[in-house]
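Subject: the model, plus some notes

Hi,

Here is the structure I promised to send over. Have a look first, and my notes follow below.

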Amino acid sequence: MNYNSILEGKHIVLGITGGIAAYKSAALCRLMVKAGAQVQVIMTPNAREFITPVTLSTLSGRPVITEFFTANTGQWNSHVDLGLWADAMVIAPATASTIAKMATGVADNMLVTSYLSTRAPVFIAPAMDLDMMAHPTTVRNLSLLRSYGNHIIEAATGELASHLTGKGRMEEPERIVKVLEEYFGTGRELAGKRVLITAGPTVEKLDPVRYLSNFSSGKMGFALAAQCAARGANVTLVAGPVSLSTPAGQIERVNVTSALEMHDAVTARAARADVVILCAAVADYRAEQTASSKIKRDGNVLTLTLVPNPDIAAAVGRDKRDGQLIVGFALETDNGLENARAKMVRKKLDMIVLNSAREPNAGFQADNNTITIIDSDGTVTPYDNKPKTDVAADIVDHIVSLMHNS
Ligand code: C5P
């Protein structure tokens, strides 16, 4: 692949915020221009304290935008136009303050306003002192931004402006350009393909106020939807009750609550799908009878009769058509490989993604995951612990390679 030409002609909005690392943004701007991109710089008012707009306008060949209005002409800088113009938005360095504004929608400057208006992929390179970086507020805001489908270019560990050593250094400009090149170079291997994905938990009502469910957050399934859409697929995302917004791109979201609803939504759509990814944590059982009034406490033992829910993956596997690829997940506490393999065979899947419920920083709720992919020919591919957005990229890479080999 000729990496030099991948950014050729791409419209990149480079957002610079007020941090010491802003000096590195000059090099980043220069590298992007050198790679053939058209770069429009937006600086927050504070960023001007760290690097001058003259430097950036000279390097980018375009006037830098900071204010909603250009002072001498009164011309309005349209954040909507800029958001639509962009093929990518890169915010480097991203301070804790800008990250918080982006996570919560505080649109009080051109940069955050443009961020909220753009449909393009957004890359965020945080830079701050190690304690700010580790603060739960920052961790939560970055996790929120990630869950919205943004790409976080993790800060590196090293000496910081405060002379303390820790995590918080903005990633080097060369590396940021590489991330963009990898993103755009990935291509659109799933263009024209229909991908059906299940995500999140299911909720099984016991009475009007109580239910049975599990801790699935839906993050993995939503990351997969974002990844498939980024590669050109037409995605249908059948989601159980989760508090995640639909990622950008060609994604039709179908909200369901119970396993029966998920089963009906999936079986009605599976035949048209080229790829079906069953990522949902479907409740195995539901109450035989849902009480129409709140179940009263009477001090006695309460026995619930549970009946099995349909196995959606097995139903899709049973009706699998030629050329269709079916991917399942297995969350195991013990004998992972053996159990996952058995599930793949029983449900007639083409590959299964195993995650261990015992791994630290992985599985339900976590932002990261550690997976092993098992193919129907028995090949086992283990992966390192990484953010679910990157795990999604690994899974989709694997799906694409299976599609090419079939
Ligand atoms: O059998 P087990 O629940 O461990 O299998 C996990 C795989 O099967 C996952 O891909 C999950 O989404 C899918 N599944 C399903 N319907 C069920 C149970 C599991 O689609 N009722």
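The protein chain splits into domain 1 (11–185) and domain 2 (194–405), with bounds that come from an automatic or database domain assignment. Bear in mind that this is a predicted model: local features need pLDDT of at least 70, side-chain atom pairs count only at pLDDT 80 or more, and totals for chains, interfaces and linings use all residues. Residues are numbered from 1 along each chain as its sequence is written, and side-chain values use heavy atoms, with hydrogens and water left out.

How the domains meet

Taken over C-alpha atoms, the centres of the two domains are 34 Å apart. Five residues of domain 1 are in contact with six residues of domain 2 (contact means heavy atoms within 4.5 Å). Together the domains bury about 600 Å², and carbon and sulfur atoms give 57% of that; buried area here is the accessible area (1.4 Å probe) that two parts lose on being put together, summed over both. In domain 1, the residues that lose the most area to domain 2 are Arg146, Ser147 and Tyr148, together 58% of what that side buries.

What about charges between the domains: how many salt bridges are there? The count is zero, where a salt bridge is a side-chain nitrogen of Lys or Arg within 4 Å of a carboxyl oxygen of Asp or Glu. One residue pair is in polar contact between the domains, both at pLDDT 80 or more. A polar contact is a pair of N or O atoms within 3.5 Å; within protein, one must be able to donate a hydrogen and the other to accept it, and residues adjacent in sequence count only if both atoms are side-chain atoms. Helix H7 (residues 136–147) gives the most to the domain 1 side, with three residues; helices (H or I, at least four residues) and strands (E, at least two) are DSSP runs, numbered from the N terminus.

The ligand

Residues around the ligand include Leu278, Val282, Pro310, Asp311, Lys343 and Lys347, each with a heavy atom within 4 Å of it. Backbone atoms take part too: an N or O atom of Ile312 lies 2.9 Å from a ligand nitrogen. Ala313 places a backbone N or O atom 2.8 Å from a ligand oxygen, and a polar backbone atom of Phe329 is 2.8 Å from an oxygen atom of the ligand.

Other things to look at

The whole structure has 16 salt bridges. One of them joins the side chains of Lys24 and Glu172 (3.3 Å, N to O). That pair is 148 residues apart, with Lys24 in helix H1 (residues 22–34) and Glu172 in the loop between strand S7 (165–169) and helix H8 (173–185).

On the backbone, the peptide bond from Ala92 to Pro93 is cis, with omega near 0°, and Pro93 sits in strand S3 (residues 88–94).

Cheers
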